[in-house]
Amino acid sequence: ASSETVRIMFTGIAPTRRQKQMIDDIGAQLVDSIEDAFTATHVIASDGKTKLRRTPKLMICVCKTSNILSIEWLEQSAK
C-alpha cells in the first residue's frame, strides 16, 4: 500500500455491508484488527447515534491520526 492510501478503521460501531462498499468505492482500505490500528489514517468512531467511546482501537489511532470522524464523512466521500 502506498503512503497515500486511505486506511479506515471503525471503532465502537461495526461497518455495514453498504459502508464497506463505500470504502471500496473511494479506493480506501478497511483496517480490522487492533494489531493494525496504528496503520489507520482515518477512524470512524460514531454513527451519529452512538457516543464516542474510548476503545483500545481509538486510543491507538489517536496517537497516529487526527482524522477521528463520523460515518457522515464516509457517506459524503462516497458521493
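This report describes the strand arrangement and the cysteines of a predicted model.

## The sheet

The model contains an open sheet built from four strands, paired in parallel and ordered β2-β1-β3-β4. Its edges are formed by β2, spanning residues 29–31, and β4, spanning residues 68–70, each of which pairs on one side only. From one strand to the next, the twist averages 40°.

In general, the strands of a sheet pair through backbone hydrogen bonds, in either a parallel or an antiparallel manner.

## Pairing of β3 with β4

Strand β3 covers residues 42–46 and runs parallel to β4, to which three bridges join it. At the level of individual residues, Ile-44 has Leu-69 in β4 as its bridge partner.

A search of the whole structure returns zero disulfides. Cys-61 takes part in no disulfide, and the cysteine sulfur nearest to its own, that of Cys-63, lies 8.9 Å away. A disulfide requires two cysteine sulfur atoms within 2.5 Å. The sulfur of Cys-63 has its closest cysteine sulfur in Cys-61, at 8.9 Å, and is therefore too far away for a bond.

The two residues also fall into opposite classes of accessibility. Cys-61 has a relative accessible area of 0% and is therefore buried, because the buried class comprises values under 20%. Cys-63 has a relative accessibility of 65% and so counts as exposed, the threshold for that class being over 50%.

Definitions and conventions: Residues numbered from 1 in each chain as written. Predicted model: local features only at pLDDT ≥ 70, side-chain atom pairs only at ≥ 80, totals over all residues. Heavy atoms only, no water. Buried < 20%, exposed > 50% of the residue type's maximum accessible area, 1.4 Å probe, protein only. Pairing = 2+ DSSP bridges. Helix = DSSP H or I, 4+ residues; strand = E, 2+ residues; numbered from the N terminus. Axes fitted to C-alpha atoms, helices over the stretch in contact; angles between N-to-C directions.
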